Amino acid sequence: MTGSTPLRGGDDVSWVDLYWLPLGAGGRCVRLNGRVFEALVARREHRRAADLYHSALEVRLGPDRWVIEMAPVWNTPEPERGVVAEGPVGLRWLGRSRWFRYEVRCWPGGRIPDVDEAVDSPVRMSQDAGHAERVLALAPHFRTATWALDEQHTGDMWNSNSLTSWLLVRSGHDLSRVGPPAGGRAPGWDAGLVAGSR
């Protein structure tokens, strides 16, 4: 799959686009923590550190558009942001605090923060109403396991990339040649692929 510019047209235009955003785009704290995490993992695995990516989806169905992503509950003040589920971060009991909760957003007319920093994006995954409808219908049913743990026993952590790959595989998209930009990693991506294929 290759990236492309979103189509412009009438009410019958539909698509599902994938965006790759550098982890921590627009925020120094998350970016620094991500680099430390990747340096430790790379050292343990005896390889060079890679750039880390976070993914999000943009779905167009006729005249309407949605943004789907997973993010901390506190990272945007906008009250109408299409929250369809919430889950804990780090440890399940920590999720009682809003500082340790994430939310799954299926945001009508929403925005992807720092989309200007996206790399090799958007990647057009499909251009038909059927795929778009299935992605939107599945979003509220995503399993809100604990962020950063492997409660699904997939061999990979559960996080925002798990949401994206889970939605795409469950909605019938071909992910055989889809992955993060060259030289990058998307922790959690494989967890969503495995869980979504079961």
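Between which two strands is the loop that holds Phe100? Phe100 lies in the loop between strand 4 (83-88) and strand 5 (101-108). Strands here are DSSP runs of E with at least two residues and helices are runs of H or I with at least four residues, both numbered from the N terminus.

The model is a predicted one, in which local features need pLDDT of at least 70 and side-chain atom pairs count only at pLDDT 80 or more, while totals for chains, interfaces and linings use all residues. Residues are numbered from 1 along each chain as its sequence is written, and side-chain values use heavy atoms, with hydrogens and water left out.

**The aromatic surface patch**

Phe100 is partly exposed, with a relative accessible area of 35%. In these terms, buried means under 20% relative accessible area, exposed means over 50%, and partly exposed is in between (1.4 Å probe, protein chains only). Together with Trp74 and Trp99, Phe100 makes a nonpolar surface patch of about 350 Å². Patches are made of residues with over 30% relative accessible area and no salt bridge; like charges are joined within 9 Å, and nonpolar side chains (Val, Leu, Ile, Met, Phe, Trp, Tyr) within 5 Å. The areas come from the Shrake-Rupley method with a 1.4 Å probe, and for residues only the protein chains shown count as cover.

Trp74 counts as partly exposed at 38% relative accessibility, whereas Trp99 is exposed at 55%. A pair of aromatic rings is described by the distance of the centres and the angle of the planes. Rings of Phe, Tyr and Trp (its six-membered ring) pair if their centres lie within 6.5 Å; planes under 30 degrees apart count as stacked, over 60 as edge-to-face and the rest as tilted. By this rule the count comes to five aromatic pairs. Trp74 and Trp99 form a tilted pair, at 5.9 Å centre to centre and 40 degrees between the planes. This pair links distant parts of the chain, with Trp74 in the loop between strand 3 and strand 4 and Trp99 in the loop between strand 4 and strand 5, 25 residues apart.

**Salt bridges**

A salt bridge is a side-chain nitrogen of Lys or Arg within 4 Å of a carboxyl oxygen of Asp or Glu. By this rule the count comes to eight salt bridges. The table lists some of them.

| Arg124 | Asp17 | 2.4 Å |

Arg124 forms a salt bridge with Asp17. The pair links distant parts of the chain, with Arg124 in strand 6 (residues 123-126) and Asp17 in strand 1 (residues 14-22), 107 residues apart. Arg124 is buried, with a relative accessible area of 8%, and Asp17 is buried at 0%.

Arg105 lies in strand 5 and Glu69 in strand 3 (residues 64-72), so the pair ties together parts that are 36 residues apart in sequence. Both Arg105 and Glu69 are buried, Arg105 with a relative accessible area of 1%.

Glu103 lies in strand 5 and counts as buried at 1% relative accessibility. The side chains of Glu103 and Arg81 are joined by a polar contact of 2.4 Å. A polar contact is a pair of N or O atoms within 3.5 Å; within protein, one must be able to donate a hydrogen and the other to accept it, and residues adjacent in sequence count only if both atoms are side-chain atoms. Glu69, Arg81, Glu103 and Arg105 are linked in a network of salt bridges.

**Helix 3**

Helix 3 (residues 160-170) is mostly covered, with nine of its 11 residues buried. Among the buried residues are Leu163, Trp166, Leu167 and Leu168. Ring pairs link Trp166 with Phe142 and Trp158 into a cluster.

At the start of helix 3, a side-chain oxygen of Asn159 reaches to within 3.0 Å of the backbone nitrogen of Asn161. Arg170 is also found in helix 3 and is partly exposed, with a relative accessible area of 41%. Arg170 and Leu193 are 23 residues apart in sequence and 8.7 Å apart in space, C-alpha to C-alpha. Just after helix 3, Gly172 takes a positive phi of about 90 degrees.
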